[in-house]
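This report concerns the pockets of a protein model and the surroundings of one of its strands. The sequence and structure are shown first.

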Amino acid sequence: MRLIILLLLTTAAQAQFLEGQTPISEFEFEVRKATFVPQLIQLAAATYEKKQYDRYTVVMERLNQLQPHYPEHELRLVEGYALLDEKTKAYDILLKMQKKGLAYPVSELSNMENLMGTEVYDYIEEAMTQNTTPFGQGVVAMTVDKNYGGMLYENMAWDKASNSFLLGSVRNGEIIRLDEKGVRSVFVPAPEKTENRWAVVDLEADNARDILWVATASMPQYNGMSNENLGETALLKYQLSSGKLLQTIQLENSQKPNLISQLHVSPQGDVYVLNSFKKLVLKLPQGQSKLEPMLGLKDYDDVRAITTDDTGRYLYFADFARGIFVVDMEGKHIGPLGDAETMVLGGTEEMVFHNGALIVVQNGFKPARVMRLKLENPVTIDKLIPIEASNPNFEIPTNGALTDSHFYYIGNSQWSKMDMMGNLLPQQQWAEVRIMRSPFNFQEEKRDEVMQKIEEFKKEKGIQ
């Protein structure tokens with residue numbers, strides 16, 4: 001019998017499967033064919049609760065295959081191996097995690113007793129701890145007062161002409177400007193009830209064409225949400241220099257609910273948006289007024305960022321649990337970017353293309369970090385170059401914008417402080433919003449400097 005069917009059968013049938021009456025070989029055979037992650041997670045929880053750790057590890061192995069860039073699955077698998085006293089398998093995973101720059105002090109993990117007391121364990125614990133050391137030259141460039149923390153400024157864009165930043169509020173739909181000194185002013189006021197604009201979900205400046213593109217939607221965290229507008233969304237076009245609304249572009253032939261959660265503007269002026277609820281990427285060609293369906297992403301459950309290369313031929317999207325993928329738009333072929341054995345590309349909240357590389361913000365694991373993924377070609381990563389990691393000003397780093405010389409980004413998202421309806425959770429309080437600034441070429445320049453010195457030394461010594 002098939003696992004997916006079995007999980008949907010009667011309680012008695014499920015109980016038989018979980019009580020160990022099904023041979024482990026048959027259990028493993030069925031799990032290896034399963035692809036529906038939520039049900040596998042339920043099965044993992046059930047086998048763990050029943051202390052069926054051999055079955056638990058089988059399920060966690062499958063989850064790691066399906067979502068190889070999600071470190072939480074790796075940690076749960078390590079725990080399973082530790083409970084079974086399979087030290088070598090547990091050590092192998094922990095060593096790979098450490099080499100990928102992750103920082104999970106093993107002494108703080110659950111059920112690690114069987115792994116302790118060896119030289120390998122001691123090395124892993126020390127190396128993981130070293131990975132928590134702050135790295136980079138990032139500083140807090142400006143802040144938004146904590147009295148405005150609850151406005152949920154979760155996205156930002158750079159206005160090159162005024163050298164200022166625009167931040168959009170999820171709470172009331174306004175857009176504010178922060179000038180070079182961090183002085184706050186209202187750029188676009190909160191919408192009136194009669195307008196077809198709501199929360200600001202994302203925004204991006206097209207400086208070359210004096211346009212600000214804004215993704216707006218009605219959602220529970222938006223103060224003006226109602227039964228009538230819940231699930232509405234639109235793409236807004238503003239004049240960047242004045243804040244004048246030029247155009248409102250609705251989704252056509254798409255039943256509610258809809259949510260434009262991500263947008264990207266290519267160098268050619270084409271606008272790409274992600275309708276998260278429909279798992280669909282749409283394109284607005286430069287100069288046009290109608291969004292065209294372009295790419296379905298039905299197999300990807302949590303896409304957080306989209307961008308394109310400079311030519312517009314290759315589109316990149318980041319699934320929070322599965323990693324980063326690249327799409328050749330000429331053939332619509334989708335392929336994974338990067339090898340999960342040597343790098344972790346999950347937990348990616350923000351992604352921008354710059355000079356043959358992807359700059360990504362990763363907040364889905366420890367340590368939170370900003371990385372530069374230098375590409376050998378559009379579909380292959382050459383090397384991972386750290387920009388910032390374990391910065392003490394990080395809470396949950398999130399969306400940002402590139403200037404000519406730096407990457408600016410929000411260092412402490414307030415999103416996790418709310419319940420599903422946008423209410424502040426008990427024991428939580430709004431904080432000032434920290435806008436971080438990091439030089440995006442810092443580590444690469446440092447590496448090039450070191451390599452130059454090595455070449456000079458070799459030349460001096462006559463080494464070829």
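The text below treats the pockets, then the strand and its partners.

The model is predicted: local features need pLDDT of at least 70, side-chain atom pairs count only at pLDDT 80 or more, and totals for chains, interfaces and linings use all residues. Residues are numbered from 1 along each chain as its sequence is written, and side-chain values use heavy atoms, with hydrogens and water left out.

**Pockets**

A pocket is an open set of points, on a 1 Å grid over the protein atoms alone, where a 1.4 Å probe fits, with protein on both sides within 12 Å along at least five of seven lines; lining residues have an atom within 4 Å of a point. Volume is the space filled by probe spheres set on the points, which are joined across faces, edges and corners.

| Pocket | Volume |
|---|---|
| Largest pocket | about 1,100 Å³ |
| Second largest pocket | about 860 Å³ |

The largest pocket has 39 lining residues, and Met219, Leu259, Arg304, Glu349 and Trp415 are the closest to its centre. Its lining comprises 17 nonpolar, 14 polar and 8 charged residues; Ala, Val, Leu, Ile, Met, Phe, Trp, Tyr, Cys and Pro count as nonpolar, Asp, Glu, Lys and Arg as charged, and the others, Gly among them, as polar. At least two lining residues come from each of strand 3 (153-159), strand 7 (199-206), strand 11 (260-265) and strand 15 (303-308). Strands are DSSP runs (E, at least two residues), numbered from the N terminus.

For the second largest pocket, 36 residues form the lining, and Glu204, Ala205, Val265, Phe353 and Leu402 lie nearest its centre. Two or more residues of this lining are given by each of strand 3, strand 7, strand 11, strand 15, strand 19 (348-354) and strand 23 (400-402). By class, the lining divides into 16 nonpolar, 11 polar and 9 charged residues.

Strand 4 (residues 164-169) is largely enclosed by the rest of the structure, because 6 of its 6 residues are buried (under 20% relative accessible area, 1.4 Å probe, protein chains only). Ser164, Leu166 and Gly168 point one way, and Phe165, Leu167 and Ser169 the other way. In a regular strand the side chains alternate between the two faces of the sheet.

Strands pair if DSSP finds at least two bridges between them. Strand 4 runs antiparallel to strand 3, with 6 bridges, among them that of Tyr153 with Ser169. These two strands form a hairpin with 4 residues between them, and Asn163 in the turn has a positive phi of about 50°.

Strand 4 also runs antiparallel to strand 5 (residues 175-178), joined by 4 bridges; Leu167 has Ile176 as its bridge partner in strand 5. This hairpin has 5 residues between strand 4 and strand 5, and Gly173 in the turn has a positive phi of about 85°.

Methods
Buried means under 20% relative accessible area, exposed over 50%, partly exposed in between (1.4 Å probe, protein chains only).
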